[in-house]
Amino acid sequence: MEISIIMPVYNSEKYLSACLESVFHQSFQDFELICINDGSTDHSLDILNQYAEKYKDKMNIISINNGGQANARNVGIDHARGTYVTFADSDDTLKESLLEKLYERAAAFDADMAICDFLRIFDKEKKITNKFKYDTQLHLEGKVHIAQHPEIICYLHGAPYCKLIKRSFLASNKIEFLKGYIYEDQMFTQKLLSCDPSIVQVPESLYHYYVHDNTTMTSKSSKVTDMFKVYDFIYQAYAEKGLVKKYKKELDYLCLYHVMIGTSYRMWKSTQYSLMQAIRLCSDFTNRYQCSKNNEYLKEKGWGSTMFVRLFYRTQRKKVS
């Protein structure tokens, strides 16, 4: 068994069949699909059972009490048998050649991880865009490590899809998902990178990521401040390896972009905080890490991000005075 595909499923009846069809019609067929039914209350389990009858040699359904996506993915990792593991969300779809191209690239270089790009599709507007600047800013040749390309820390998308990872690498480094938080994907990916995997890239968009109105990242969640704790965990992961000084610019970028910009905006959008409350809480957090506003990675994001950070720091100075 070469690849284990891990798919948490929670109340996905509207999208699940399309996702499963895209999995079972892959051009590379040496895989198992592990579906973790995370306490679904709709017809998701019925749909899974229907497909299991047809693909009984390739499909493993594990039903658990609802414990969240991170817990479900950890259960999937524990049951995986493949040389490599990858992940899929049950409301997304995979391009037919995703497994084949990632596997061929990883195997050719004996890499710990192969990555690709994705298309982001806004379900409400039926609009497709691949201009989500994470993986698309990476241009890796051959097998590389973050020491050669530290920009990987900044630009590799945090979500586990679009990645094919050696299961032995996850096991030997005790890498799993952080339970109980949103943004746990960021912690998983950064813990993975802090362990210095060898990485290869397939420069194609092979995964279709759908943005729905009710997803975690678009909902007005009471857990928007979870990024504070997640960043603490990320920083600690690099600190344990003695890598904070080496990758200070990259860690600063993660804090500036995901906390100062991303979290303050989501806090304000959640309607639980005023804009000034959001800025105050985020500034108190980022001050702990002494992030420089003149971050070169942030400048590459464009003038909008740079101006936001400068205004953020100006607001901080006014607050102090």
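Visitor: Which helix is L275 found in?

Guide: L275 is found in helix α10, residues 275-288. Helices (H or I, at least four residues) and strands (E, at least two) are DSSP runs, numbered from the N terminus. Residues are numbered from 1 along each chain as its sequence is written. This is a predicted model, in which local features need pLDDT of at least 70 and side-chain atom pairs count only at pLDDT 80 or more, while totals for chains, interfaces and linings use all residues; side-chain values use heavy atoms, with hydrogens and water left out.

Visitor: Is L275 buried or exposed, or partly exposed?

Guide: Buried means under 20% relative accessible area, exposed over 50%, and partly exposed in between (1.4 Å probe, protein chains only). L275 has a relative accessible area of 41%, so this residue is partly exposed.

Visitor: Which residues form a nonpolar patch on the surface with L275?

Guide: Patches are made of residues with over 30% relative accessible area and no salt bridge; like charges are joined within 9 Å, and nonpolar side chains (Val, Leu, Ile, Met, Phe, Trp, Tyr) within 5 Å. Here Y265 and W268 form the patch with L275, and together they have about 320 Å² of accessible area. Accessible areas come from the Shrake-Rupley method with a 1.4 Å probe, and for residues only the protein chains shown count as cover.

Visitor: Which residues touch the most other members of the largest nonpolar core?

Guide: A nonpolar core is a set of buried Ala, Val, Leu, Ile, Met, Phe, Trp, Tyr and Cys residues joined through side-chain atoms within 4.5 Å. In the largest one, of 65 residues, they are I152, L193, Y231 and Y238. Helix α9 (residues 248-269) gives this core its largest share, ten residues. A second, separate core has 41 residues, including I5, V23, F24 and C35.

Visitor: How many salt bridges does the count come to?

Guide: Side chains of opposite charge can pair when their charged atoms come close. The rule asks for a side-chain nitrogen of Lys or Arg within 4 Å of a carboxyl oxygen of Asp or Glu, and the count comes to ten salt bridges. In one of them, D110 pairs with K166, with the closest N and O atoms 2.7 Å apart. This pair links distant parts of the chain, 56 residues apart: D110 is in the loop between α4 (98-109) and β6 (113-122), and K166 is in strand β8 (residues 163-166). D110 is partly exposed at 47% relative accessibility, whereas K166 is buried at 14%.

Visitor: Which residues are linked in a network of salt bridges?

Guide: R73, D89, E184 and D185 are linked in this way.
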